[in-house]
Amino acid sequence: MLKRIVVEGLSKDFTLHLQGGQEMSILSKIDMQVDAGECVVIHAPSGAGKSTLLRCLYANYRASSGSVNIWHKSDADDGGWVDVQSAPAQQVLAVRHSTLGFVTQFLRVIPRISTLDLVAEPLLMRGVEKQAAYEQAEELLSRLRIPKRLWQIPPATFSGGEQQRVNIARTMICDYPILLLDEPTASLDEANRATVIDMINAARERGAAVVGIFHDEVVRQALATRIFSIPAAVSLVAA
Ligand SMILES: Nc1ncnc2c1ncn2[C@@H]1O[C@H](COP(=O)(O)OP(=O)(O)OP(=O)(O)O)[C@@H](O)[C@H]1O
Ligand SMILES: [Mg+2]
């Protein structure tokens, strides 16, 4: 199979400045590989470091040690491995732009930008023609049952579930080769949950490598091709 993510020896400690600089070890020497067409579900108790691991994969968090190699192909080359933990910021941004899609649990609302503009934006940034981008955005918002009357409004005042669906639409509008999903179905009703499950499975079937956190056993069953466990123990290490 085609490898898309190779994590080696990934550790993450947090320094607790209010506790006299005490170090808390959350992830310890994680090794993980994800192929194209897989949906790997990170499964561990609350607080074990699932979101921390996803943030390290997206290079939001700098790991204490280890590497996160991402298979990245830009328009200009045939592809190659980029260690997003050690790559320069410019290269990390390029990897996020064309390779890594990340659905966080909460939408980062941009003031005064309408829902439709927000969802179409990633396609426009890829140079997709305006009419085609907006047509796709409308199709996704309809599929995710966001009422038409809300499309021209910024999502700041939307309900939790509505914001989450806008967030999903904004990522799923691009065919990212890798999808990182942090509880994308957590506040959705059954019908929308089923729609999102279909979208994620479709992405996997077109060859996306998916890494996700799903609280709900039913969602895990419907999506996981493999479960990845991380140890629950959080240890304090000497500062
Ligand atoms: N920026 C940070 N600074 C200090 N501690 C942090 C930071 N981010 C996460 N932690 C700690 O790391 C631990 C793991 O957090 P994380 O959010 O990764 O857990 P999780 O497995 O996703 O839990 P949940 O299932 O509740 O979402 C928690 O104890 C949290 O307090
Ligand atoms: Mg979490």
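User: Where is the place of Glu183?

Analyst: This is a predicted model, in which local features need pLDDT of at least 70 and side-chain atom pairs pLDDT 80 or more, while totals for chains, interfaces and linings use all residues. Residues are numbered from 1 along each chain as written, chains are lettered from A and ligands numbered from 1 in written order, and side-chain values use heavy atoms, without hydrogens or water. Helices (DSSP runs of H or I, at least four residues) and strands (runs of E, at least two) are numbered from the N terminus. On that basis, the place of Glu183 is in the loop between β7 and α6.

User: Is Glu183 buried or exposed?

Analyst: The backbone of Glu183 has a positive phi of about 50°, although Glu183 is not a glycine. Buried means under 20% relative accessible area, exposed over 50% and partly exposed in between, with a 1.4 Å probe and protein chains only. The relative accessible area of Glu183 is 14%, so Glu183 is buried.

User: In which strand is Lys29 found?

Analyst: Most residues other than glycine have a negative phi. Lys29 is not a glycine, yet its phi is positive, at about 50°. Lys29 is exposed, with a relative accessible area of 66%. Its strand is β2.

User: Which residues lie closest to the centre of the largest pocket?

Analyst: A pocket is an open set of points on a 1 Å grid over the protein atoms alone, where a 1.4 Å probe fits and protein lies on both sides within 12 Å along at least five of seven lines; lining residues have an atom within 4 Å of a point. The largest pocket has a volume of about 670 Å³, a volume being the space filled by probe spheres on points joined across faces, edges and corners. This pocket is lined by 22 residues, and the closest to its centre are Tyr58, Phe102, Arg108, Arg170 and Tyr176.

User: Which element gives the largest share of the lining of the largest pocket?

Analyst: By class, the lining holds 11 nonpolar, 6 polar and 5 charged residues; Ala, Val, Leu, Ile, Met, Phe, Trp, Tyr, Cys and Pro count as nonpolar, Asp, Glu, Lys and Arg as charged, and the others as polar. The largest share of this lining, 4 residues, comes from α3.

User: How many residues line the second largest pocket?

Analyst: The second largest pocket holds about 270 Å³ of space. Its lining divides into 7 nonpolar, 1 polar and 5 charged residues. Leu140, Arg143, Met172, Asp175 and Met199 lie nearest its centre, and the number of lining residues is 13.

User: How far apart are the end C-alpha atoms of α5?

Analyst: Helix α5 is mostly covered, with 11 of its 13 residues buried. The buried residues include Gly161, Val166, Ile168 and Met172. The expected span of a helix is 1.5 Å times one less than its number of residues. For the 13 residues of α5 this gives 18 Å, which agrees with the distance between its end C-alpha atoms, 18 Å.

User: How far apart in sequence are the parts that Glu38 and Arg226 tie together?

Analyst: In a salt bridge, a side-chain nitrogen of Lys or Arg lies within 4 Å of a carboxyl oxygen of Asp or Glu. Glu38 and Arg226 form such a pair, their closest N and O atoms being 2.8 Å apart. Because Glu38 lies in the loop between β2 and β3 and Arg226 in strand β9, the separation bridged is 188 residues.

User: What relative accessibility does Asp175 have?

Analyst: Asp175 is also among the residues nearest the centre of the second largest pocket. Asp175 forms a salt bridge with Arg206, with 3.5 Å between the closest N and O atoms. Arg206 counts as partly exposed at 37%. Asp175 counts as exposed, because its relative accessibility is 59%.

User: In which helix are Arg220 and Glu217?

Analyst: A salt bridge joins Arg220 and Glu217, the closest N and O atoms being 2.7 Å apart. Arg220 is buried at 11% relative accessible area, whereas Glu217 is partly exposed at 41%. The two residues are 3 apart, which means a separation of about one helical turn, in helix α7.
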